[in-house]
Amino acid sequence: MEKIFQKIKRGNGTRLIALFIFLLFFSVCTQAQIMLKTEYIGKSSYWKEMGDDPRQRVGDCEGSAMVYQAMANIPLSVKLNENKRPTMWSIGLGGSYASLNNKNFAPDMVSEIMNLQLAVMHLRPLSSKWSLMASVGVGVYTPFTEFSKIRYKHVLGNLGVVFIHHLRPNLDLGGGLAVNSTFGYPMAFPALYFDWRSGRKFKMNVSLGQGLELSAGYHFNDYFSLSLAGEMNGQMALVEKDGKDKIFTHQYMVAGLRPELKLGKSGLSIPVTLGINAIRPTYYSDRTLKGMFSTDNDYYFQVAPYGSVGIKFGF
């Protein structure tokens, strides 16, 4: 994995093409879902909210970003009941690399983030209207790509249980608890699940799971669709700064026009998004619950152009 990230940084796509061919072959054989995505966020200035005072630009700081993501959901066993609800065990794999092109910042500003996740997931129906979704996993969140530097403090464990209510054939709502070790000890947080789908030709979708995704568009035929899309995504790194454990957060909220080319009934599609990054919060915070809600975290990059291209299979 480290070599793959190094190739990405040098602009050599040969290994990525080979990786995609392998994942594509693997997904066909195992009915897995595969996604690869590259995102570009253009240059903009860096600002801080000052509470009741006017916001202020932070010196002449500015920056842009490139983000590379990969995800695979691999089913281990699937069984449908009489209501076509699945009982499923699966493994989820995820990875992202963010290259932050920061200019005129202090030397200790994070310039790259690597996130890796592994989870075992279970989904089962409880009744005709309710399902249970549970997961247990581990993640690595670092400001570097060298595996030899990874320490215990860069690793987080997590587990979650969500009860999902199937209100309608196209609407699922759920709630439960998620437990992780972000603050160095297990702590429970509320977990929400929301999935709404509408239409055959004109389609709308709102999904709240791993981030937030909204889209509304028109399905022209089996090969092409066009939609307006909005997403909220991000990465984080567990770091040490000024002798204290900190969390470096990189988030971005984007909106744009998304044409998507579908290659027949193969399950392969290529979505392209062109639009804007509305805001990109990027800041350090203490690795505590208080630090999560501190007003010192109100640092962000302003509006910037945004573009992404992805390859999906099995969705």
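**Stop 1**

Start by selecting Phe-202, Met-204, Tyr-218, Phe-220, Tyr-223, Phe-224, Leu-261 and Leu-263: together they make a nonpolar surface patch of about 750 Å². Keep in mind as you go that this is a predicted model.

Now zoom in on Tyr-218 and Phe-220. Their rings form an aromatic pair, edge-to-face, at 4.9 Å centre to centre and with 75 degrees between the planes. Are these two buried, exposed or partly exposed? Tyr-218 has 36% relative accessibility, so it counts as partly exposed. Phe-220, at 40%, is also partly exposed.

Next, click on Phe-224, another member of the patch. Phe-224 is partly exposed too, with a relative accessible area of 32%, and it lies in strand E11, which covers residues 224–241. Hold on to E11, as it takes you inside.

**Stop 2: the cores**

Select Ile-113 and Phe-248. These are the residues with the most contacts inside the largest nonpolar core, which has 20 residues. Which strands each supply at least two residues of this core? Colour E1 (33–50), E2 (53–80), E3 (86–103), E11, E12 (244–262) and E15 (304–313) to see them.

Stay on Ile-113 and show what surrounds it. Leaving aside residues up to four places away in sequence, Ile-113 touches Phe-248 itself, and its other contacts include Tyr-97, Leu-100, Pro-143, Met-236 and His-250.

There is also a second, separate core, made of 6 residues. To find it, select Ala-32, Ile-74, Leu-268 and Phe-313, which are among its members.

**Stop 3: aromatic rings**

Switch to the rings: the model has 8 aromatic pairs in total. Pick Phe-105 and Phe-301. Their ring centres are 6.0 Å apart and their planes sit at 55 degrees, so this pair is tilted.

Which parts does the pair tie together? Phe-105 is in the loop between E3 and strand E4 (112–125), while Phe-301 is in strand E14 (residues 299–301), so the pair links parts 196 residues apart in sequence.

Check how covered each one is. Phe-105 has a relative accessible area of 19%, and because the cut-off for buried is under 20%, it counts as buried. Phe-301 is buried as well, at 0% relative accessibility.

Note on methods: Residues are numbered from 1 along each chain as its sequence is written. This is a predicted model: local features need pLDDT of at least 70, side-chain atom pairs count only at pLDDT 80 or more; totals for chains, interfaces and linings use all residues. Side-chain values use heavy atoms; hydrogens and water are left out. Patches are made of residues with over 30% relative accessible area and no salt bridge: like charges are joined within 9 Å, nonpolar side chains (Val, Leu, Ile, Met, Phe, Trp, Tyr) within 5 Å. Accessible areas come from the Shrake-Rupley method with a 1.4 Å probe; for residues, only the protein chains shown count as cover. A salt bridge is a side-chain nitrogen of Lys or Arg within 4 Å of a carboxyl oxygen of Asp or Glu. Helices (H or I, at least four residues) and strands (E, at least two) are DSSP runs, numbered from the N terminus. Buried means under 20% relative accessible area, exposed over 50%, partly exposed in between (1.4 Å probe, protein chains only). A nonpolar core is a set of buried Ala, Val, Leu, Ile, Met, Phe, Trp, Tyr and Cys residues joined through side-chain atoms within 4.5 Å. Contact means heavy atoms within 4.5 Å. Rings of Phe, Tyr and Trp (its six-membered ring) pair if their centres lie within 6.5 Å; planes under 30 degrees apart count as stacked, over 60 as edge-to-face and the rest as tilted.
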